[in-house]
Amino acid sequence: MDQVACADCSRKLSSSEAYELNRKIYCGPCVQAAAQRAKDSGQLATITRYVDKSICARCNTYIGDSGGVEMGPVRLCGPCSTLVEDWPYPQWLKLSLAAFLVLLVFALIHGRKYFEAGKSLYRGEQLIEKGQYQQAVAYLKETLKVAPNSDKGALLAAKAALLSGDLLTASQALEGHEGGKFEKSDKPEFREVDDLWSRANRAMEQLEQAAKLDEQDGNEIEAAKLVHGVAALYPQLPHMDVLVDRYDEGVAFVKKDYDTFISLAEKDWHIMPVAATASALASALACKYAVTGDTAYRQRSEEMLAKARELAQGDKETLARLDEFGERNRYRLESRQIITKNEYDRRFRSANSATH
Amino acid sequence: MFFIPGQVIALLTFPGVIIHEAAHLFFCKLFRLKVYNVCFFRFGNPAGYVIHENSENFTAQFFVSMGPFVANTLLCVVFCTAAFLPVWELQVNDPVAYFFYWLGLSIGMHAFPSKTDLSHLWKAAPALAKKGNLLAIISLPLSGILVVLNYGRVIWADLGYGILVGVLGPIAIFRVLARV
């Protein structure tokens, strides 16, 4: 079965060296001539390798000339033909597929916290793009709980916090990222946050400076200038407009422009009705009463001070400040003399008192 | 460009080879084509193969040839999505996530159909495309691109594709999810 004979020269040759043309077997040298003859006589001249159909094309088992199953150009034994008709998935492949599914389920369970953190990250990013910085901070804080070392998370959280005037969260986001270290500090995202952070810090320093100046009489104009500078440098600081007004009220006070003082205090009281703005309005109204003698101003000043106390209920520090201010305001209303806190302290309180 | 023998790459990314051949086998069985031999993985070139009968049915040809491309791409996206956030965005040192990323990239790297598979489609598609066969119309540009990418394997086009799918896929998914 391994030896076949050439149809032209009758030479015996191995079946692996034989060719087939129009159902006849040829050796290598004869097959070309036979093909040419076939072509000349108008027959097909397709030469193919001879396939010994007495052995299974897959497993080489002898199946004789009539055994097995013919499949196209080849003949296969029974088991091989069954296999070829419906090749089974190997057991290990099925088990691997099952393991794959288990892995996938595990990946979903294991990655759930990352999915949530990632979702918050993208949501935060989208809110920043829309300019909704405060809402973005809330989402990005959730991200940083899971991934404090995420460059993107930390920088976005810091950016959103800085743009909403929340310096504490910005600081926590940056410090929480490997102690404030960022490897890719040349990235535009980093430079943007770095710039915002520097501006915010310069603004805070200037505010501190303004507060110190404000403690001393005669520096009100300089302090107000500094605070106006802060507003330009870092306008995102919360209640910046009220803070600017608060210093402008100081300027109005020293210039004895009590109408402006009242107007600013009135505006701030409407913007932010808290104890501090109520007491500022009480102070402005007391000044106006002192210069006009119109009791309507006095009455409203007293009402605003009472309102301030009402709003400060439970806040011991603010109540203490209001007690201190109430004493001076009473003096202003009773004496109709307008003096600064420092002057009042100098006249009526301990000589060591340094604050107002 | 550095050279790493194909056998080493195949060994490092063997799950992709297995998935690729399993997808071939799946579609052969689906279209009831005779399968003469299957090798899911070996140290050789090619690293795996499925020898099956040729089909006159273009739909069968298309799915048997392109099946692994679709299956490997989808699984690459799935596993990379599971790992993308902790590895890329959140920068969490989670070994499980890195394992999934390796798995995803390994699968994605072996998405390209072989040149033989593509040549069958390339030969059969033009005539059918003229008759308006949608699969043939799709397969013409797709086969063209994939043939070029197949040649690009020498410059790591397969790895590039894996990374592209493993990064852009999850980004797209999470961007959509974030809007929900």
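Analyst: A salt bridge is a side-chain nitrogen of Lys or Arg within 4 Å of a carboxyl oxygen of Asp or Glu. By that rule, 2 salt bridges cross the interface of chain B and chain A. This is a predicted model, in which local features need pLDDT of at least 70 and side-chain atom pairs count only at pLDDT 80 or more, while totals for chains, interfaces and linings use all residues. Residues are numbered from 1 along each chain as its sequence is written, chains are lettered from A and ligands numbered from 1 in the order written, and side-chain values use heavy atoms, without hydrogens and water.

User: Why is the meeting of Glu89(B) and Lys152(A) called a salt bridge?

Analyst: The N to O distance between their side chains is 3.0 Å. The limit is 4 Å, for a Lys or Arg nitrogen and an Asp or Glu carboxyl oxygen, so the pair qualifies.

User: What makes up the area buried between chain B and chain A?

Analyst: Buried area is the accessible area (1.4 Å probe) that two parts lose on being put together, summed over both. Here the value is about 3,200 Å², and carbon and sulfur atoms give 68% of that. The contact (heavy atoms within 4.5 Å) takes 38 residues from chain B and 35 residues from chain A.

User: How many residue pairs are in polar contact between the chains?

Analyst: The count is 10, with both residues at pLDDT 80 or more. A polar contact is a pair of N or O atoms within 3.5 Å; within protein, one must be able to donate a hydrogen and the other to accept it, and residues adjacent in sequence count only if both atoms are side-chain atoms.
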